[in-house]
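Here's a quick briefing to read with the structure open beside you. Take a look at the model, then work through the points below.

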Amino acid sequence: MSVVKINVLTVPVEQRETLEKRFAARAGSVENSDGFEWFELLRPVEGTDTYLVYTRWRSEEDFQAWMNGSMKAAHGGGEGGDGAPKQKPAASGSTLWSFEVVQQAAPKNG
């Protein structure tokens, strides 16, 4: 079954809008990756500064290939993808959680 990666981001209140705009601007950058299955950016609603970035992948190998390819290129180096100076991160901390999907359910039709 699939693997799930949840990036736990600590985002100060004043950086929330910046983070959300940056994720909206990157639309399409992960969706075309081999083995990619799902993405969700989860905004906190109950007194925490923690955002969750949920992605699901066909396999650990597919995730690692994306991490070492497209994602690394988008987040690495001293410049942004357009040659502009790299932007300061909106998050002040990050932790990656990894899971294997062992059960899943979907709504029943009818």
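This is a predicted model: local features need pLDDT of at least 70, side-chain atom pairs count only at pLDDT 80 or more; totals for chains, interfaces and linings use all residues.

Residues are numbered from 1 along each chain as its sequence is written, and side-chain values use heavy atoms, with hydrogens and water left out.

**Confidence**

- The protein chain averages a pLDDT of 86, and 84% of the residues score at least 70; pLDDT is the predictor's confidence in each residue, from 0 to 100.
- Watch residues 77-81, where the pLDDT is below 50. Beyond near neighbours in sequence, that stretch has eight contacts in the model, a contact being heavy atoms within 4.5 Å.

**Overall layout**

- The protein chain has two helices and four strands. These are DSSP runs numbered from the N terminus: helices are H or I with at least four residues, strands are E with at least two.
- Reading from the N terminus, the elements go β-α-β-β-α-β.
- Of the 110 residues in the protein chain, 24% are buried. Buried means under 20% relative accessible area, exposed over 50%, and partly exposed in between (1.4 Å probe, protein chains only).
- Take the contacts in the protein chain between residues at least 6 apart in sequence: 67% of them join residues at least 24 apart.

- Four strands make an open sheet in the order 2-3-1-4, with antiparallel pairing; two strands pair if DSSP finds at least two bridges between them.
- Strand 2 (36-42) and strand 4 (93-100) are the edges, and each has a single partner strand, so one side of each is left without a neighbour in the sheet.
- From one strand to the next, the twist averages 15°, using axes that are lines fitted to C-alpha atoms (for helices over the stretch in contact) and angles from 0 to 180 degrees between N-to-C directions.
- Strand 1 (residues 3-10) runs antiparallel to strand 3 (residues 50-57), and eight bridges join them. Val-3, for instance, stands opposite Trp-57 in strand 3.
- Eight bridges also join strand 1 to strand 4, again antiparallel; Asn-7 has Leu-96 as its bridge partner in strand 4.
- Six of the eight residues of strand 1 are buried, so this strand is largely enclosed by the rest of the structure.

**Lys-5**

- Lys-5 sits in strand 1, and its bridge partner in strand 3 is Thr-55.
- Is Lys-5 buried or exposed? Lys-5 counts as buried because its relative accessibility is 5%.
- Its side chain makes a polar contact with the side chain of Glu-60 at 2.7 Å. A polar contact is a pair of N or O atoms within 3.5 Å; within protein, one must be able to donate a hydrogen and the other to accept it, and residues adjacent in sequence count only if both atoms are side-chain atoms.
- Leaving out residues up to four places away in sequence, Lys-5 touches several others, including Phe-63, Leu-96 and Trp-97.

**Asp-62**

- Asp-62 belongs to helix 2 (residues 60-75) and is buried, with a relative accessible area of 10%.
- Asp-34 is 28 residues from Asp-62 in sequence, but their C-alpha atoms are 6.4 Å apart in space.
- Setting aside neighbours within four places in sequence, Asp-62 is in contact with Asp-34, Gly-35 and Trp-57.
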